[in-house]
Amino acid sequence: MAAEGTAPGDPAPGPLARLAALHGVATFYAPSEDRTVQVPADTVVEVLAALDVDASTPHAVDAALAAHAAAAPQRLLPPTVVLWRDAPALPDALTALPEGTVVHVTTEQGETRQWPTPPPAHSDVPDLPDTSAVPDTSAVPDTSPVPAAPAAPAAPATPADHWGQLPLGVHVLTARLPDGRGAACHLVVAPARVPAPRGPRHGFLVQLYSLLSTRSWGMGDLGDLGELAAWAGRSLGAGFVQVNPLHAAVPGTPTDPSPYRPASRRFPDPVHLRIEDVPEFSYVTDPADRERLADLLGRAAALRDDVLNKGALIDRDAVWHLKRQALEILCAQPLGPGRRAAYCDFLAEQGTALEDHATWCALAELHGPDRQNWPGHLADRDSADTSRARTELRDLVDFHSRLVWLTDCQLADAQRAAREAGMAVGIVHDLAVGVHPGGSDTWAQGYAYAPRMSVGAPPDAFNAHGQDWGLPPWRPDALAESGYAPYRSLLRNLLRHAGAVRIDHVMGLFRLWWVPEGHEPADGTYVRYDAEAMLAVLVLEADRAGATVIGEDLGTVEPGVRDALAARGVLGTSVLWFERDWAGTGRPLPPGAWREGCVATATTHDLPSTAARLTGDHVALRHRLGLLTRPLEQERAEDTTEVTDWLSYLTRLGLLPEGAGGEEAAVRAVYRFLCATPARMVGVWLPDAVGDRRPQNLPGTWDQYPNWRLPLADAEGHPRTLEELAASPRLHALIEVIRTGAEVPPGPLTAPPGARST
């Protein structure tokens, strides 16, 4: 694939292409090895404008290039430098500093270290232990007994030794050159790899809202998550439970039900609270309040009954309407001394970030979610109007802060339940690729987001016109200048109570497709991020939390990306139906040929369930909704061929002992196959365990299909509670297959090229 930014084979790119390349903006891209697509010039100009670079005229382009060249001598260091613990040499940015330079590093821990003249580029960084929690004893003489003369004094520490002994973290590095010039940057010192998953490798994948119990208020909640984890760990030997993003949603009527377009990725949504598990619920003594709570409980039971028994969809707004009233009563109860101290500690730990989020919640509640309609200058987080509102609305701001804390407490309870049940990983949280343009993150951290831009995807075989996801992208320059502070803070909060994190569209650590406002998705372009810095911050925060990292790397993946992720221990995502020998026979990839560093699964929330795939129900559904781009007969024929191909292969491997013809047996065969791969984790889509044939999300639809609003159901479409799942013979038969594992006989595992399936 040709490099982005300049036309392939063009020895002298034009001024606009040179300027774009300086800022990581592509002027062309190659969707395949034999095809190159030129990016429209006006797209490049608008993307550069979002990065505060004027390229509106040829004169402006020349001026921007000249300004960049003139500033180059003063750019002694990039904004952020990465130092990996396993690096064989120091970063080029440090070795390029001239001899005689004096370097200071102020660590996160407040220590200051100084040494002169960085080592030359070929100096190796020694493989030294992490000294962040160990005293530096490099200058202490060896006092162990010796048979003869006293030990010689220790060799003086070299500059490389000093670098290797820096603690993990994000530090501040300053350099003073011999000529008096100075420079500073953020220094990210990261471990070599993220923690690997431990314990049983099978676990469940579930959309939490869809998992109702007999105690739910109309949608699954954190109490249900704790119960699922405790049961799955103790009774089924599961090692993890992966859930959808639990980020705070943008309020509205109706609220966008998608968990992948949140108001904030930094804080959770209190709609997931189990009201009865809030300690203050037991302390309500006022008769009127008790009566109100009893009424709310009754209405919640009616919501639950509507979903489970009357065919109603999950209504997040109705659930929140009831829960908010209950939480008003609970938050009016005084906190005990211990609880008060814990809440104060949480407020202090979260600081301004939580205050901003809670202030935005209060303003959105009073004035509506569209901040363009807010009075005065409230749309500006730093305005005098907003400052006054923080004071005037302090009770409401405190209420929303309390809700975040209560949700955080129940997230901790769920992870604790998982660990106590024997899960080595426990809860796997999901990080959405972006946020709503009108949410609290963009209001509080506007400097970090590119204005009038949206993240999406270029045209491909599945979306001929490309995609616009309506999510404003982060500015790579703002991230680097801040030492990736916004990214670090959201990762740290997400990992507080997680055994692992799934990164949606993990390719976004390397580049994102930006679509300018008013343009078609196909007219966007790629913008590069500092992938090394993004990865280093991710690995650092995951290491601090002791959490595994899973990257969703499905779809179009740039060459080298999967290797870069694997080198840092980030697992990929491998879906059975996509794992074929695409470079050779095109047939299913043998289980032994699957990569080890992945979560192996049969489907995801954006794909048909396994039962739907095996029966062809997904094709019929898309036909009913008018979503097919080819004749129904052609779609059915291709789908039947694919399924038959897989079932024949499973039969040849001895993984379908029951024989063809039964959908339930075929589902078990699929999971036998996944267990025969070397994958570090095997994810069981929970709806597969009971034969649910409906997708939770059908990409390309909005009103045509109830995305993100369906309860988990059985093969007939009847909703099933968590308690019914625990008693399901079909579920237990599937888990028995998974716990038993599968052995694939030796010998050829694929038919020779040109052979037909039987």
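**Charged pairs and their exposure**

Glu-663 is buried, with a relative accessible area of 16%, in what is a predicted model. Its salt-bridge partner is Arg-730, the N to O distance being 2.4 Å, and this pair links distant parts of the chain, since Arg-730 belongs to helix 22 (residues 729-740) and Glu-663 to helix 20 (residues 663-676), 67 residues apart. Arg-730 is likewise buried, at 14% relative accessible area.

Other salt bridges

- A search of the whole structure finds 47 salt bridges, and one network of them links Glu-355, Asp-356, Arg-381, Asp-382 and Arg-390.
- Arg-416 and Asp-413 form a salt bridge through their side chains at 2.6 Å, N to O, and because the two are three residues apart in helix 11 (residues 394-420), about one helical turn separates them.
- Arg-416 is partly exposed at 43% relative accessibility, and Asp-413 is also partly exposed, at 39%.
- In the salt bridge of Asp-692 with Arg-694 the closest N and O atoms are 3.4 Å apart; Asp-692 is buried at 1% relative accessibility, whereas Arg-694 is partly exposed at 23%.

Surface charge

- A patch of negative charge on the surface gathers Asp-42, Glu-46, Asp-468, Glu-517, Glu-520 and Asp-523.

A polar contact in a loop

- Ser-258 sits in the loop between strand 10 (247-248) and strand 11 (264-268), where it is buried at 17% relative accessible area.
- A polar atom of the Ser-258 side chain lies 3.1 Å from the backbone nitrogen of Tyr-260.

Notes:
Residues are numbered from 1 along each chain as its sequence is written. This is a predicted model: local features need pLDDT of at least 70, side-chain atom pairs count only at pLDDT 80 or more; totals for chains, interfaces and linings use all residues. Side-chain values use heavy atoms; hydrogens and water are left out. Patches are made of residues with over 30% relative accessible area and no salt bridge: like charges are joined within 9 Å, nonpolar side chains (Val, Leu, Ile, Met, Phe, Trp, Tyr) within 5 Å. Accessible areas come from the Shrake-Rupley method with a 1.4 Å probe; for residues, only the protein chains shown count as cover. A salt bridge is a side-chain nitrogen of Lys or Arg within 4 Å of a carboxyl oxygen of Asp or Glu. Lys and Arg count as positive and Asp and Glu as negative; His and the chain ends are not counted. The place of a charge is taken as NZ of Lys, CZ of Arg, CG of Asp or CD of Glu. Helices (H or I, at least four residues) and strands (E, at least two) are DSSP runs, numbered from the N terminus. Buried means under 20% relative accessible area, exposed over 50%, partly exposed in between (1.4 Å probe, protein chains only). A polar contact is a pair of N or O atoms within 3.5 Å; within protein, one must be able to donate a hydrogen and the other to accept it, and residues adjacent in sequence count only if both atoms are side-chain atoms.
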